[in-house]
Amino acid sequence: MMRVYLDFISANLKSQMQYKLSFLLTVVGQFITAFTSWFGLYFVVQRVGAIDDFTQGQVTICFSVIMLSFSIGELFGGGFAVFARILGNGEFDRILIRPGSVLLQVLFPHMDFTRIGLLLQAVLVLGIAIPKSGITWTGAKAALLCLMILSGSVVFFALFLLSATFSFFTTQSLQFLDILTYGARSFGRYPFCVYGETVLKFLTFVIPLALVQYYPLLYLTERKTSPLYALSPAIALLFLAPCLAFFRFGISRYKSTGS
Amino acid sequence: MIECEGLSKTYRVARREAGFGNAVKALFSREYETIQALRDVSFSVRDGEIVGYIGPNGAGKSTTIKTMCGILTPDSGKCVINGRVPWRDRKKHVREIGVVFGQRSQLWWDIPVAESFRLLRDMYKVEPAVYRRNLEELTELLGLREILKTPVRNLSLGQRMRCEIAASLLHDPRILFLDEPTIGLDAVSKLNVRRFVKKRNKEHGTTVILTTHDMQDIEALTGRILLIGKGRLLLDGNLEELKKHISPKKTLHIKYQGKTPRLFEGIVLLEEKMDDTEAMEGQMKLSLDPGGLSVSAAIEALAEQTNLLDVSVTDITAEEMVAALYKEYEI
């Protein structure tokens with residue numbers, strides 16, 4: 001079964017690569033555009049020196065963790081961006097009459113490989129931030145950083161899933177839901193505490209992005225030592241469960257389109 | 001074995017009047033229209049049956065098929081197919097069914113047919129030996145050998161449909177759903193598809209559920225039809241019986257030479273045409289009710305008056321029957 005999905009990916013990759021120059025330019029474009037947002041951050045923090053006691057290197061860790069998570073989430077969740085079309089053109093009917101996972105059939109043929117540009121940029125910035133952050137790196141802390149990225153990717157993936165699921169219920173444009181994904185990416189450039197108590201609570205208990213960024217950063221910088229802070233990214237993974245349940249509910253409300 | 005009982009499904013569709021003003025209004029308040037796609041639909045199909053499902057556009061044919069395929073979840077009612085509820089046990093259920101939607105391709109657009117087949121093989125986990133046998137058989141019967149290496153997007157409609165049918169049968173399904181399988185096909189392709197479906201049903205005992213607007217599909221393939229209109233199942237019966245129910249009348253088509261025959265009680269003139277005035281050759285289309293006047297008596301009476309060159313007797317066609325049924329049930 002897994003082989004089928006790998007076949008999907010390779011077929012998709014092949015068709016995206018069919019126009020090599022266009023593919024390459026999009027990747028490069030993504031890479032460069034991503035830098036503009038990093039420069040924006042760089043100069044702001046340069047001027048003010050530190051944000052809420054976080055040094056420039058530490059803020060950059062936040063930035064790159066969120067960017068990396070976002071780009072991984074979007075790379076895998078590319079199918080969600082075109083989900084309304086999948087529902088509208090009958091592709092979803094085809095997915096449902098095959099004995100495979102609905103989610104994987106949606107995702108694998110639509111992975112957006114041009115996101116590699118964004119991904120590379122985020123890795124590069126992370127590489128710069130790690131030595132500059134003033135964090136005394138240990139094996140455990142490196143593992144925590146990886147966990148932050150992993151959980152962050154899952155949370156962004158879940159957010160893409162969540163906003164796609166709304167397509168089951170309405171045919172209207174749902175661009176306001178982009179605030180969940182693109183909005184969160186912009187917000188996430190700074191440690192989430194800078195937005196105040198209310199926003200931080202929202203990002204802790206409703207959309208757990210602070211659990212993959214702010215709280216573990218406190219642990220990394222040794223402002224907090226409770227293991228709870230180190231485990232918070234793992235707790236954030238739970239966010240996927242209600243999103244998946246909502247997606248299942250959406251399938252049961254699927255209307256299909258006229259033949 | 002398919003058993004459906006009391007299936008109902010409604011859709012809510014947003015609607016607005018045309019025009020910019022109304023578009024703005026729709027931003028704030030929307031009017032919804034509830035469409036009852038299925039109302040209390042019940043029927044059952046035995047293993048190995050071929051059932052034709054007919055009804056005008058928008059009657060609920062596709063909704064029923066999609067419910068049986070596990071694509072749609074009905075609001076209420078039961079449907080059990082081979083002991084499973086399609087939408088609840090979707091993955092196991094779809095392994096045992098094959099589906100062809102005439103209007104939509106089930107194959108991957110950009111890749112060659114053979115590769116699509118291989119993807120399906122992996123997806124349905126078809127045993128290599130079984131796959132080879134099925135592929136060989138289907139390639140032979142549907143004449144696919146030349147087109148296996150062609151990408152789907154380059155196929156003609158008829159070629160594509162043959163590939164779709166092959167694709168739906170690679171995993172030996174017990175039930176085959178065909179939603180308008182002959183739509184847009186040329187005469188030869190239509191005949192091929194019909195012949196193949198019939199053969200498959202006979203040799204493999206595959207149950208076939210078929211929707212179509214082409215009554216010749218129904219006539220060629222199935223004895224039993226289900227008529228659906230406005231979401232309700234209106235009739236479930238045998239094609240011949242339905243024809244009789246609608247109209248027992250026979251149509252008599254004669255060609256004659258000589259005197260124009262005089263008509264008599266029990267026979268009604270539908271059309272008349274003179275082919276050759278000099279040679280006195282003409283044609284007549286007559287209608288009679290065999291309850292009042294037997295066909296043989298009518299022909300005898302006509303033959304006494306003139307020289308009959310040709311006589312043909314027909315029932316109403318399936319097309320006429322469907323039109324009459326739609327009229328009778330006001331759908």
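Student: What is the bridge partner of B:Tyr53 in β8(B)?
Tutor: B:Leu226 is the bridge partner of B:Tyr53. Keep in mind that this is a predicted model.

Student: In which sense do β3 and β8 of chain B pair?
Tutor: Parallel, over four bridges. Strand β3 covers residues 50-54 and β8 covers 224-229.

Student: What order do the strands of that sheet take?
Tutor: The order is β5-β6-β7-β3-β8-β9 in chain B. The sheet is open, with six strands and mixed pairing. Neighbouring strands are turned by 15° against each other on average, direction ignored.

Student: Which strands does helix α6 of chain B touch?
Tutor: Helix α6 (157-169) packs on the sheet and touches β5 and β6 of chain B. The direction of α6 makes about 160° with that of β5(B).

Student: New topic. How is chain B split into domains?
Tutor: The domain assignment gives domain 1 (2-244) and domain 2 (248-315). Their C-alpha centres lie 44 Å apart.

Student: And the sheet with β10 in chain B, what is its strand order?
Tutor: β11-β12-β10-β13, an open sheet with antiparallel pairing. Strands β11 (267-276) and β13 (307-314) each have a single partner strand, so one side of each is left without a neighbour in the sheet.

Student: What stands opposite B:Tyr256 in β12(B)?
Tutor: B:Gly282 does. Strands β10 (250-257) and β12 (281-288) of chain B pair over eight bridges.

Student: Which strands does helix α10 of chain B lie across?
Tutor: Helix α10 (295-305) lies across β10, β11, β12 and β13, at about 20° to β10(B).

Notes: Residues numbered from 1 in each chain as written. Chains lettered and ligands numbered in written order. Predicted model: local features only at pLDDT ≥ 70, side-chain atom pairs only at ≥ 80, totals over all residues. Heavy atoms only, no water. Domains from an automatic or database assignment. Pairing = 2+ DSSP bridges. Helix = DSSP H or I, 4+ residues; strand = E, 2+ residues; numbered from the N terminus. Axes fitted to C-alpha atoms, helices over the stretch in contact; angles between N-to-C directions. Contact = heavy atoms within 4.5 Å.
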